[in-house]
There are 4 protein chains.
Amino acid sequence: MRLLFLGDLVGRSGRTAVIGQLPGLVEQYRLDFVVVNGENSASGFGITEAILQDVVDAGADVVTTGNHVWDQRDTLVYIERQDRLLRPVNFPSGTPGRGANLFTARNGAQVLVANVMGRVFMESLDDPFAAIDNVVNDCPLGQVADAILIDVHAEATSEKQALGHFLDGRVSVVVGTHTHVPTADHQILPGGTAYQSDAGMCGDYDSVLGMEKDEPVQRFQRKIPGGRFTPALGESTICGLAVETDDRTGLATQVAPLRIGGRLDQVVPHFWS
Amino acid sequence: MRLLFLGDLVGRSGRTAVIGQLPGLVEQYRLDFVVVNGENSASGFGITEAILQDVVDAGADVVTTGNHVWDQRDTLVYIERQDRLLRPVNFPSGTPGRGANLFTARNGAQVLVANVMGRVFMESLDDPFAAIDNVVNDCPLGQVADAILIDVHAEATSEKQALGHFLDGRVSVVVGTHTHVPTADHQILPGGTAYQSDAGMCGDYDSVLGMEKDEPVQRFQRKIPGGRFTPALGESTICGLAVETDDRTGLATQVAPLRIGGRLDQVVPHFWS
Amino acid sequence: MRLLFLGDLVGRSGRTAVIGQLPGLVEQYRLDFVVVNGENSASGFGITEAILQDVVDAGADVVTTGNHVWDQRDTLVYIERQDRLLRPVNFPSGTPGRGANLFTARNGAQVLVANVMGRVFMESLDDPFAAIDNVVNDCPLGQVADAILIDVHAEATSEKQALGHFLDGRVSVVVGTHTHVPTADHQILPGGTAYQSDAGMCGDYDSVLGMEKDEPVQRFQRKIPGGRFTPALGESTICGLAVETDDRTGLATQVAPLRIGGRLDQVVPHFWS
Amino acid sequence: MRLLFLGDLVGRSGRTAVIGQLPGLVEQYRLDFVVVNGENSASGFGITEAILQDVVDAGADVVTTGNHVWDQRDTLVYIERQDRLLRPVNFPSGTPGRGANLFTARNGAQVLVANVMGRVFMESLDDPFAAIDNVVNDCPLGQVADAILIDVHAEATSEKQALGHFLDGRVSVVVGTHTHVPTADHQILPGGTAYQSDAGMCGDYDSVLGMEKDEPVQRFQRKIPGGRFTPALGESTICGLAVETDDRTGLATQVAPLRIGGRLDQVVPHFWS
Ligand SMILES: [Fe+2]
Ligand SMILES: [Fe+2]
Ligand SMILES: [Fe+2]
Ligand SMILES: [Fe+2]
Ligand SMILES: [Fe+2]
Ligand SMILES: [Fe+2]
Ligand SMILES: [Fe+2]
Ligand SMILES: [Fe+2]
């Protein structure tokens with residue numbers, strides 16, 4: 001089956017690009033299942049229920065998040081009724097919402113999606129290795145799940161790669177988010193899992209992490225809080241990872257990046273043609 | 001002029017690839033100037049004088065480093081006599097070696113190369129913005145220097161991007177290292193500076209940061225020191241950034257990644273043909 | 001009953017002081033139960049089985065540790081047969097040794113001791129709040145345990161204080177370690193738990209954390225690894241916390257610091273007379 | 001001469017205690033010079049010009065700060081006209097205000113006060129060792145300055161101790177702030193400098209860092225932002241360090257803590273009687 005993952009959608013520019021173009025991508029390329037990381041979609045900070053609905057209406061089967069998940073405070077409430085919104089699975093037990101769930105794809109396949117946060121240089125959450133191990137053991141690939149996608153929201157490439165190898169052969173895709181920069185290390189690991197350290201953001205790449213660049217550049221130099229961080233308004237590059245899985249094993253057979261619009265080199269997966 | 005930068009060369013696999021293939025690349029593509037980050041070339045930790053010599057003999061005009069620069073202890077001594085080896089410029093004053101220098105390229109051009117370390121999630125060195133500002137002001141592009149390349153050895157994409165924008169229009173290239181993963185965000189910034197958040201390592205990409213994967217994967221889970229970290233032995237992907245500069249202004253006219261060998265997608269800059 | 005806790009014992013100087021004087025303290029002041037943090041007792045790094053035995057022979061009922069627990073590699077093996085040695089309870093499940101245990105005091109009372117590590121500015125272990133909550137719920141004060149002492153090995157005063165309040169009224173003592181500096185905030189919290197942010201080390205206070213000062217002072221300035229860190233050799237101050245508990249409730253009735261020898265102000269708990 | 005330093009004044013409770021009692025302390029004990037850290041005096045976050053004036057009117061000759069210095073945004077403006085307010089000296093050059101200054105004490109003596117921030121587990125500012133070295137070299141003890149007091153606003157005891165030893169014999173007092181907990185390691189270092197790792201806050205010690213405890217205790221457990229942090233309202237303990245200096249050399253002859261009011265053990269320096 002054909003999976004697409006899109007990285008952190010940042011602000012109005014990212015929303016416009018994804019909401020505007022995702023329906024066409026789903027139709028043109030017959031995408032079976034789409035996951036979008038939405039943690040920065042509301043002015044760069046969190047996601048509102050209205051934006052979530054727009055992203056889902058545009059074709060996202062699941063919206064994942066990360067450290068910014070609670071930036072919009074009513075997310076703690078509405079996440080309980082929004083099955084398609086995931087927060088990192090390794091928050092403490094008792095946290096509202098869920099970190100993993102089984103979804104039905106357009107082709108009828110059962111897809112397990114989990115969102116997990118790294119701990120290196122980040123908040124001290126529960127062990128991401130143990131948390132994902134539980135999730136995957138409860139819903140094995142090729143048995144309960146026809147495909148499994150893990151969004152690893154993490155800073156350090158070491159931790160992302162270690163999670164990739166830890167899960168290799170047990171899931172279809174391990175794809176990173178959070179750095180807001182796409183990496184060019186997409187590959188199928190020896191055990192059959194598609195891997196990319198970071199999908200990159202869907203945002204304006206003439207910026208700092210998708211935010212207007214002047215304020216962060218100033219702050220790095222002056223070490224004094226100045227104005228507010230606001231999303232950059234230039235055209236977004238839609239950044240994501242495309243994976244083709246084997247319908248029987250659930251493992252990856254093809255992997256390639258997607259980059260459309262904005263400043264970055266344009267690329268559409270060759271196996272989508 | 002034609003510049004090539006290669007990211008962190010890791011262990012024997014990385015050395016074999018770079019030392020074996022760089023001479024051919026320099027000749028075939030008529031490269032004017034080559035910079036290689038060598039901080040992990042000696043079994044993953046630092047660089048010896050013999051390895052430095054081998055890399056220079058293979059065609060590197062300059063070897064940059066990073067947080068691992070002093071892992072081989074005699075580097076503190078031999079760096080004083082090795083003009084082609086740079087350590088981060090923002091070490092405290094009095095640190096052996098130098099962090100920036102002017103070099104003569106094969107085409108006779110004067111190239112300023114500087115190595116600087118970020119501070120986010122890293123050691124607390126001197127301000128990288130102020131340090132590089134001084135270096136560049138002392139040797140302006142298009143006046144003293146025909147080209148300027150900055151190796152930003154840093155963890156956080158935010159800090160790398162901010163340095164890129166800070167230097168945009170004043171240097172030819174800002175290229176990141178340290179994460180050991182190539183990014184796909186290479187572009188020419190609005191002011192004319194070529195930028196890539198990370199060049200990626202020259203190492204085996206079936207690994208954790210170029211090191212054999214079992215030990216780091218174990219350590220993330222068990223939180224107990226086990227065996228030693230040793231470089232992975234699989235074939236390396238040579239990862240780098242190619243930049244074409246305008247001979248008059250010193251600004252970038254072309255930018256593209258280079259990836260040869262190993263597991264990653266292969267790419268040679270189209271403008272090298 | 002009368003409890004004494006001694007903070008991180010550093011190197012030969014700390015060992016000499018504690019092993020030499022603890023037997024006399026136990027006898028003179030009729031101490032019912034003694035806990036010593038031993039994570040730095042072997043040349044500043046970890047603890048050997050021989051040193052553990054010496055400290056136990058001197059009168060320690062339990063030896064706690066912290067981030068340095070595995071610095072002596074055979075600790076992973078011998079900890080399994082040494083019931084009196086605790087490692088932080090919030091290491092991943094499957095870690096050798098134990099993080100909490102019930103012990104019989106000289107007066108026959110049952111004392112629960114647990115060792116837990118903070119996560120702020122430290123290694124990402126399991127949640128210390130949840131881990132200690134489990135330990136204390138399994139062995140309630142005044143029912144299963146006559147007294148409960150928690151060694152919170154942590155950097156940040158915020159996390160230590162939060163753990164203190166979290167446990168207030170449910171344990172006899174929450175005492176911090178790891179900063180190697182005694183704090184003067186000992187008090188009985190509103191719920192009846194004795195609290196001190198850090199007991200301080202048993203080591204030479206003309207030093208940096210008990211280590212000979214020249215090397216660390218140099219390293220802060222030069223940012224270059226130099227010589228090795230070795231324990232300072234001056235006379236140690238034995239630093240600890242004395243707590244008197246109510247035999248019925250197990251809560252604290254008295255709390256005061258102990259400081260004997262070396263450079264710091266000398267103090268013996270007034271209620272020991 | 002007789003110096004008093006008071007640690008981080010937190011919120012209304014801390015202000016009430018210090019502003020109410022400092023005039024009496026100055027008079028009763030004939031204090032020559034008083035420095036107060038005021039970084040948390042405005043509802044826990046920064047300091048307003050009105051509060052600064054109140055603290056100065058109560059007897060503070062100098063008010064130091066730390067990482068919270070800019071929490072009240074107009075501080076960036078009014079600090080330029082307020083000579084008695086210091087911000088950390090190792091902010092980047094060009095930062096408003098000053099980090100060190102020479103003041104005239106009640107006894108006519110010239111007192112140099114400097115405020116410096118550590119970098120371990122904190123913001124990446126300029127090198128605190130180099131910054132303070134410059135300050136002290138420009139204004140040597142026993143020549144230009146009759147006494148020198150350094151407020152080291154830092155998290156790690158290692159960095160504070162290293163700065164103490166680095167300055168030992170060249171300044172009268174090195175006293176730490178920021179952890180909001182008084183340490184019991186006050187001593188005169190071998191070279192004659194009075195040292196204490198942290199003076200402790202002037203705030204309510206039934207709290208987390210002086211803030212009402214429920215919200216931080218919840219946040220540590222739940223990892224979700226909840227309500228706001230507000231200062232605890234219980235009676236403050238005034239916490240500080242008293243130092244007697246030799247009028248000729250400027251070095252310390254006596255050092256002792258001061259703790260008045262609130263929950264902590266009460267102590268007034270014996271040499272004040
Ligand atoms: Fe994000
Ligand atoms: Fe994020
Ligand atoms: Fe590296
Ligand atoms: Fe590095
Ligand atoms: Fe320790
Ligand atoms: Fe420790
Ligand atoms: Fe403070
Ligand atoms: Fe502070």
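**A tour of the chain contacts**

Select chains A and B to begin: 40 residues of chain B are in contact with 40 residues of chain A, where contact means heavy atoms within 4.5 Å. This is a predicted model, in which local features need pLDDT of at least 70 and side-chain atom pairs count only at pLDDT 80 or more, while totals for chains, interfaces and linings use all residues. Residues are numbered from 1 along each chain as its sequence is written, chains are lettered from A and ligands numbered from 1 in the order in which they are written, and side-chain values use heavy atoms, with hydrogens and water left out.

Stay with this pair and display its surface. Chain B and chain A bury about 3600 Å² between them, with 59% of that on carbon and sulfur atoms; buried area is the accessible area (1.4 Å probe) lost by two parts on being put together, summed over both. Pick out B:His165, B:Ala184 and B:Phe220, which supply 17% of the area that chain B buries against chain A, more than any other three residues. Across this interface of chain B and chain A there are zero salt bridges, a salt bridge being a side-chain nitrogen of Lys or Arg within 4 Å of a carboxyl oxygen of Asp or Glu.

On the side of chain B that touches chain A, helix H5 (157-167), strand S8 (187-188) and helix H6 (214-222) each supply at least two residues, and the largest share, seven residues, comes from H5(B).

Now move to chains C and D and select helix H6 (residues 214-222) of chain C with helix H5 (residues 157-167) of chain D, whose axes come within 9 Å and cross at roughly 100°; axes are lines fitted to C-alpha atoms, for helices over the stretch in contact, and angles run from 0 to 180 degrees between N-to-C directions. That makes H6(C) roughly perpendicular to H5(D), a term for angles of 65 to 115 degrees. Show side chains here: C:Val217, C:Phe220 and C:Gln221 meet D:Ser158, D:Glu159, D:Ala162, D:His165 and D:Phe166.

For chains A and C, select the five residues of chain A that are in contact with five residues of chain C; the area buried between these chains is about 440 Å², of which carbon and sulfur atoms give 30%.

Finish inside chain A, where A:Glu49 forms a salt bridge with A:Arg81, the closest N and O atoms being 2.7 Å apart.

Notes: Helices (H or I, at least four residues) and strands (E, at least two) are DSSP runs, numbered from the N terminus. Angles under 35 degrees count as roughly parallel, over 145 as roughly antiparallel, 65 to 115 as roughly perpendicular and the rest as oblique.
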